[in-house]
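User: I have this model open and would like to go through a few local features with you. Can we start with a loop residue and then move to the helices?

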Amino acid sequence: MDGQTLFIDGRWRPAAGEETIPVVNPSTGETFGSLSRGRAADVDAAVAAARRAFQGPWSRMSPVERGRILTRLGELIQRDHDEIALLECRDVGKPLAQARRDITAAARYCEFYGGAADKLHGETLPYEAGYTVMALREPYGVTAHIIPWNYPAQMFGRSVMASLAAGNAVVIKPGEDACLSILAMVDRAVEAGLPDGVLNVVTGFGHEAGAALSGHAGVDHISFTGSPATGTLVQQAAAVHNVPATMELGGKSPQIVFADADLDAALPMLYGALVQNAGQTCSAGSRILVERGCFDEVVARLSARFEATRVGPAEADPDVGPLISAKQAERVSAFVERAQAESLELAAVAGGDDGPAGGFYVKPRLFAPVDPDHELSRQEVFGPVLVATPFDDEDHAVRLANATEYGLVAGLWTSHGGRQLRMAHALDAGQVFVNCYGAGGGVELPFGGVKRSGYGREKGMEGLKSFTRIKTVAIHHG
Ligand code: NAD
């Protein structure tokens, strides 16, 4: 499908302008394909196709039939799991084991939302005598999905499957740096029986195809996942037509470790929640706050793990693969160079060599102790850099945890029951994990942020409701 990666009204086609964008393997820096560079005219065609499908066969299909198509799509993704996982590995630079988990998760979203399609319902409301009042739950119509490059397969499952299950027709603008797994799953959606025009994809750059989609008058809802800065642009464009949006933005998520924690259980998660996908995860636990009494022990044990880490090409399934692009590797390296220039204490750096020439590798690093006002404690680095900061007591831990502009996830490690509950209430985050982190992906668990991490929720039944709106019908029958 080289250069023909727009999927509109049930068929693959090149961009109207016939321009393309190279597809680069982050492990080697080599180009191995091309994407169509969609622009406003292509977005117009995709939105029009989605509108026709929404007003046509899709809205006449029963929820159980819609659900069966999504369930079948999940089965087809699982059938071709290895092939799609290898694409994700080459395209995103994800170590093979992680790429496999992501494809399994995408299939699981199809299964979850396929099964949920006929379980979504409105309510009847008690009102004055002589009235029957219903709150109908309806799809929006055409939903736009602007997706980042870091978890394309999972985002396809999480946001697109929920919207389709709710009865919407969709237009996807995937990340220009990585989206091949999405294109492969679109082929499986056709095989699963999705009618033409229900699912459309416009590949292209954010400032072109993405901006055209966010400001399009024919879009009824936007699901945006990406950086806070782009999220602001998307909200401004959407505001022109009063289009509601869900914003899944960045994070600087803390993991808080008390001296009474089970450190054997905590340490693999403190490490894994940062190095997964080379730190390019919105919910990465990118700063750890450690009670002073066990600070040295936690830093020493984590340092040993960092030093044993090996970076390498994604297909060799290393601990840590490359970053997505040369630009992202430069951005992360600049954070590291600034920290080293000011003699920030480097507790550990990954061992081994730097990874093959041409690839976009940055070795994982642990800095400790780091001042809570330092940029590494406050900004989303989006790379394999972890910082550790000591705290004195529970109040101090909460103050430090809530001291950034983000609020996506918080991890808490303590065996004290009262503290678990007090802190779960006090932490500014959309998800709090106690003595665990991420809960294995948790397709069923509502996910989203507070503060600069965004608003609205995806995943679980809450995510399904996000793609519907309520219409109140009041009947006066006397
Ligand atoms: P990004 O904001 O640069 O891009 C995200 C998407 O927006 C891409 O498809 C891009 O092409 C598009 N885009 C860029 N400019 C646009 C514009 N002017 N108008 C419309 N669309 C535009 O983000 P990224 O670098 O791809 O991803 C990294 C960011 O995503 C991080 O901040 C990360 O935390 C965040 N993220 C959040 C979640 C979450 O669920 N909260 C999940 C994954 C990633």
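User: N277 first: buried or exposed?

Analyst: N277 counts as buried because its relative accessibility is 5% (buried means under 20% relative accessible area, exposed over 50% and partly exposed in between, with a 1.4 Å probe and protein chains only). This is a predicted model, in which local features need pLDDT of at least 70 and side-chain atom pairs count only at pLDDT 80 or more, whereas totals for chains, interfaces and linings use all residues. Residues are numbered from 1 along each chain as its sequence is written, and side-chain values use heavy atoms, with hydrogens and water left out.

User: Where is N277, then, and what about its phi?

Analyst: N277 lies in the loop between α10 (263–275) and β13 (helices are DSSP runs of H or I with at least four residues, strands are runs of E with at least two, both numbered from the N terminus). Its phi is positive, about 55°, although N277 is not a glycine. Most residues other than glycine have a negative phi, and most peptide bonds are trans.

User: And D317, how does that one sit?

Analyst: D317, in the loop between α11 (292–307) and α12 (326–341), also has a positive phi of about 55° without being a glycine, but D317 counts as partly exposed, at 37% relative accessibility.

User: Which peptide bond is cis?

Analyst: The bond from A368 to P369 is cis, with omega near -10°, and P369 belongs to the loop between β15 (365–367) and α13 (375–378).

User: Switching to helices: how do α5 and α6 cross?

Analyst: The axes of α5 (residues 96–116) and α6 (residues 152–165) come within 8 Å and cross at roughly 10°, the axes being lines fitted to C-alpha atoms over the stretch in contact, with angles from 0 to 180 degrees between N-to-C directions. That makes α5 roughly parallel to α6 (under 35 degrees; over 145 is roughly antiparallel, 65 to 115 roughly perpendicular and the rest oblique).

User: Which residues make that contact?

Analyst: From α5 they include D102, I103, Y109 and Y113, and from α6 they include Q154, R158, M161 and A165, where contact means heavy atoms within 4.5 Å. By class there are 10 nonpolar, 2 polar and 2 charged residues (Ala, Val, Leu, Ile, Met, Phe, Trp, Tyr, Cys and Pro are nonpolar, Asp, Glu, Lys and Arg charged, and the others, Gly among them, polar).

User: Why call α6 enclosed?

Analyst: 14 of the 14 residues of α6 are buried, so the helix is largely enclosed by the rest of the structure. After α6 comes G167, with a positive phi near 105°.

User: Which residues touch the most others in the largest nonpolar core?

Analyst: F156, M161, L164 and L199 do, in a core of 52 residues, a core being a set of buried Ala, Val, Leu, Ile, Met, Phe, Trp, Tyr and Cys residues joined through side-chain atoms within 4.5 Å. The elements giving two or more residues to this core include α5, α6, β8 (169–173) and β9 (199–201). Leaving aside neighbours within four places in sequence, L164 is in contact with W58, R66, L70, V170, L194, V198 and L199. A second, separate core has 42 residues, including V311 and F367.

User: Last one: what does α14 pack against?

Analyst: Helix α14 (residues 394–401) is mostly covered, with 6 of its 8 residues buried, and these pack against β12 (254–257), β13 (287–291), β16 (385–391) and α15 (417–426).
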